[in-house]
Amino acid sequence: MPLQPWMKLLSTDDHVIEHPTVWTDRLPARYQDEGPRIIERMPGEDALTAKVAGKTVTLKTSGKPTQQWKYEDRVYTNIGLNAVAGRPLDQYGVDPVRFDDMLPGCYDPVARLADMDLDGVWGSLNFPSFARFACTVFLDGKDRDLALLGVQAYNDWMLDEWCAAAPDRYIPLMGLPLWDEELCVAEVRRTAAKGAKAFMFPESTQTYGLPSFFEEGWDRLFSAVEEADLPLAIHFGGGGVGPRLTPGAPLACSITMFATNSMGALTDLMFSPVFHRHPNLKVGLSEGGIGWIPYLLERADFVWERHRAYQNIAKDARPSDLFRKHVHGCFISDEHGVKNRDAIGTDNITWESDYPHSDSNWPHSRKIAEDVFRDVPDEDAHKIAELNVRRLYKFPDTSEPAATAPDAR
């Protein structure tokens, strides 16, 4: 059966484009000239390029001045990060390069609600764009005091402005000052007290010169997240590198293979000490899809059975059991994954929209989701579309119940 009208579709992976004054509105006066701010680039200068998935791509400028972020003395050229929702397919790219080239819903929380209503989506967890998927742009900072204020300003904007526009529809996702574990712990506690519901974390910290999942260095942070009883949110690409591909391969190959980043993160987590040291930690994998999960669990269990005796891995916990206790994935229109939901675990699956990126089906997300759920029983569909998100992110339904909802709601 399709999604019932009383099922509220909640997305565990959407994106915001930070508006031009997110940081200038919140940073002290002494940092106004060094903190993140928008600058204008006049047309006619050198071709504008950006790094996407480790590849240099040329941005379309349409002859108008372009807008770019500047943080300290570094310029970041791509403000839109593929915010192409509403464009015809033949106009897709990794731009836009001006705020007036994108839908207002990309950066305005009230306008976003209208776009969500049009799309049939009730709730949304949003990752940043300029700040990157785990706020790792602040690892670039030379002034660590400014970097910390930058992370805190982003989190305060997300809590006090974006999510405050509709607390029953936006799930507050926080960044962390990853260069200092004690600062991370403090930020978890500060933002959890203000209503945070999840914390961003890179899929591969070692690419930033930080400890990996197999090393010491994150135990106090993970304990603080456990104490808050909230999940980590790991978005593919948040580790700063794309999939390993043949030199010269087009960006399409990276886009196709990005799920391998999530596969790598999950494999690391299942064989690392993380879940053994932190038995209550939950992790959400965003935008990696789910169709690959049954195979990876089968393979990981096979390897564990054959090789655990002589390796420094846990001897008493199957990888698939760790996955089902600790991890959930999400999908956009992964029909293969939905058909194999029992091999994954229906409680471990959520749905995503990916607004405003090119994988999004906006403004037809609910219609396409209904097609994907067409052969799924109501109980499973309700879990995947809504109830798993509310449970995992501690996000209760505070709106008026639909008149047609069953008594169980």
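Guide: A residue is called buried when its relative accessible area is under 20%, exposed when that area is over 50%, and partly exposed in between. The model is a predicted one. With a relative accessible area of 27%, Glu370 is therefore partly exposed. Glu370 forms a salt bridge with Arg366, and the closest N and O atoms of the two are 3.6 Å apart. Both residues belong to helix 12 (residues 365–372), where a spacing of 4 residues separates them by about one helical turn. Arg366, at 15%, falls under the 20% limit and so counts as buried. Elsewhere, salt bridges that share partners bring Asp156, Asp160, Glu187, Arg190 and Lys194 together in one network.

In general, side chains of opposite charge can pair when their charged atoms come close. Over the whole structure, a search finds 29 salt bridges. One of them joins the side chains of Glu305 and Arg318, with 2.3 Å from N to O. Glu305 is in helix 8 (residues 293–307), while Arg318 is in the loop between helix 8 and helix 9 (319–326), so this pair ties together parts 13 residues apart in sequence. Glu305 is partly exposed at 40% relative accessible area, and Arg318 is partly exposed at 28%.

A further salt bridge is formed by Asp347 and Lys383, whose closest N and O atoms are 2.9 Å apart. Because Asp347 lies in the loop between helix 11 (341–344) and strand 14 (349–351) and Lys383 in helix 13 (residues 378–392), the pair ties together parts that are 36 residues apart in sequence. Asp347 is partly exposed, at 35% relative accessibility, as is Lys383 at 23%.

The rings come next. The count of aromatic pairs is 17. In one of these, Trp69 and Phe130 are stacked, at 4.8 Å centre to centre and with 25° between the planes. Trp69 belongs to strand 5 (residues 66–71) and Phe130 to the loop between strand 7 (123–127) and helix 2 (144–162), so parts 61 residues apart in sequence are tied together. Trp69 is buried, at 0% relative accessibility, and Phe130 is buried at 6%.

Phe201 and Phe222 form an edge-to-face pair, with 5.5 Å between centres and 65° between the planes. This pair links distant parts of the chain, 21 residues apart: Phe201 is in the loop between strand 10 (198–200) and helix 4 (219–228), and Phe222 is in helix 4. Phe201 and Phe222 are both buried. Apart from its neighbours within four places in sequence, Phe222 is in contact with Phe201, Phe213, Leu232, Val274, His278 and Leu281.

Trp69 and Phe130 also belong to one aromatic cluster, whose members include Trp23, Tyr71 and Phe138. Over the face of Tyr71 lies Arg74, at 4.7 Å from the ring centre. Lys8 likewise lies over the face of a ring, that of Trp122, at 4.5 Å from the ring centre.

Lastly, there is the nonpolar core. The largest such core has 111 residues, and among those with the most contacts inside it are Trp23, Phe138, Phe201 and Phe222. Helix 2 supplies the largest share of this core, with 10 residues.

Definitions and conventions:
Residues numbered from 1 in each chain as written. Predicted model: local features only at pLDDT ≥ 70, side-chain atom pairs only at ≥ 80, totals over all residues. Heavy atoms only, no water. Phe/Tyr/Trp six-rings, centres within 6.5 Å; stacked < 30°, edge-to-face > 60°. Helix = DSSP H or I, 4+ residues; strand = E, 2+ residues; numbered from the N terminus. Buried < 20%, exposed > 50% of the residue type's maximum accessible area, 1.4 Å probe, protein only. Lys NZ or Arg CZ within 6 Å of the ring centre and 35° of its normal. Core = buried A, V, L, I, M, F, W, Y, C linked by side-chain atoms within 4.5 Å. Contact = heavy atoms within 4.5 Å. Salt bridge = Lys/Arg side-chain N within 4 Å of Asp/Glu carboxyl O.
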